[in-house]
Amino acid sequence: MTREEKLERGPIVRTMLAMGIPTFIAQFINLLYNIVDRIYIGHIPECGAQALTGVGVCFPIITFVSAFTSLMGMGGAPLAGIELGKKEREKAEKILGNSASSLVILSVILMVVFQIIKKPFLFMFGASEATYVYAGPYLTIYLTGTIFAMLSIGLNAYITTQGASVTAMLSVIIGAVVNMILDPIFIFGLNLGVQGAAIATVISQAISAIWVLAFLFGKKATLRLRVKYMIPDIKIIGKICSLGISPFIMGATESLISVIFNSGAQKFGGDLYVGSITILQSVMQIVSIPLNGFASGVVPIISYNYGAKNMQRVKKTALTLIGITFSVSAVLTLIAMFIPESMASLFTTDKELVRLCGKVMPVFMSGMLIFGLQSGSQNSFMALGKAKQSLFFALLRKVILLSPLAIILPRVMDSVMGIYYAEPISDVTSALCCFTVFIITLKKEMKEK
């Protein structure tokens, strides 16, 4: 069977696993870009805890930049998948071309802007004089590789949407393996510290970007990147952005949350609590990012069949996806909640910081037990082109609930613990709401089509 025939007629569970597992692995390995950096940085002799905290305050800027890859990649890939389902290959390739050119333009703008404003922003995000000496150099080098990061991640979604999930996985694995090899060489062997970690990341992202572009320009691609379709078309870019605004908001609000968490932890606790936030968010990403990766791998199946008006296949795929994401999120979260100090020890040798994480991690992570409901439902909204619903639930979790709770609860409780309680309250509320509305929407779509 061809890739498109598998999307249309392949056994549902087998096809989901064939497409979802490679993207699950790819996202998990992609997560290692930053996780491995944090692990090595946290174990730098004498200054590991401060260096880790310094890199942690860079996350809001790094996350915000990454949000633009979701805007163009996750915004355009489902649209291209729907056009493929309609047998409109030229329209799908125009979407790919406009996404690629937009990523290049955005990467240059973002790199220049944040190089200029990084110092005041880092202090605003929770840096101190002691931690800025690590944060500043790390971010300066990281930003030089913005174009590689955006192209490799943003365009990889278009490899997945044409059914080549293994190729998409390999693009991430290649970069991650290079990163893991270079990290200890640059950090410890050449004694470059956090700067070495940033250099290793930029080189690995550049290699991933070359792999992605080579495939999309090559003859093996079903959906090819063509220069003639890279001339910006405002209408196409508008459609991409209208759907991509939801994952963009999800990424951008992660940046906002990092700012609120870091500044609040600095005010009510100090550098030690800022360091705990870095570790807790890293552990949360171990659960959420690979899970969303699996869901994004299944999105092309739903999008293709929605475009082909095969609603029974859409329904079965979406409900199976939600069942899988819910089960996996529960298992991974329980592991983190039962061995919090062991998880924290991956990132630091500072005993005081490990003890603090052991105390707060079970509270902070508890809402992730049902995160899979939101992950599966929200990605299914994206697959159906339901931009408004997907956007609302992205805003609900992080902006409407978590942001104000993280500001209000520490003041009401007069304790830094309020920050840690804000996360599970937001996670549980938004997951239940998102799942309920998706089921109602799916029933409505089944009746209409």
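Residues are numbered from 1 along each chain as its sequence is written. Since the model is predicted, local features need pLDDT of at least 70 and side-chain atom pairs 80 or more, while totals for chains, interfaces and linings use all residues; side-chain values use heavy atoms, without hydrogens or water.

**Whole chain.** Start in cartoon view: you'll see 18 helices and 0 strands (DSSP runs, H or I of at least four residues for helices, E of at least two for strands, numbered from the N terminus). The C-alpha trace spans about 60 × 45 × 35 Å along its principal axes. Of the 449 residues, 58% count as buried (under 20% relative accessible area, 1.4 Å probe, protein chains only).

**The core.** Next, select Leu 122, Tyr 138, Leu 155 and Met 365, the residues with the most contacts inside the largest nonpolar core, which has 131 residues (buried Ala, Val, Leu, Ile, Met, Phe, Trp, Tyr and Cys joined through side-chain atoms within 4.5 Å). Helix H12 (residues 271-307) gives the largest share of this core, 16 residues.

Now zoom in on Met 365. Leaving aside residues up to four places away in sequence, Met 365 touches Val 283, Met 284, Val 287, Thr 333, Ala 336 and Met 337 (heavy atoms within 4.5 Å).

**A second core.** Then pick Ala 26, Ile 29, Val 172 and Ala 176, which are among the 5 residues of a second, separate core.

**Last stop.** Finally, show Met 250, Asn 292, Phe 371, Gln 374, Ser 375, Gln 378 and Asn 379, which line the second largest cavity. Helix H16 (residues 371-383) supplies 5 residues of that lining, the largest share.

Methods. Buried means under 20% relative accessible area, exposed over 50%, partly exposed in between (1.4 Å probe, protein chains only). On a 1 Å grid over the protein atoms alone, a cavity is a set of points where a 1.4 Å probe fits but cannot get out, and a pocket is an open set with protein on both sides within 12 Å along at least five of seven lines; lining residues have an atom within 4 Å of a point.
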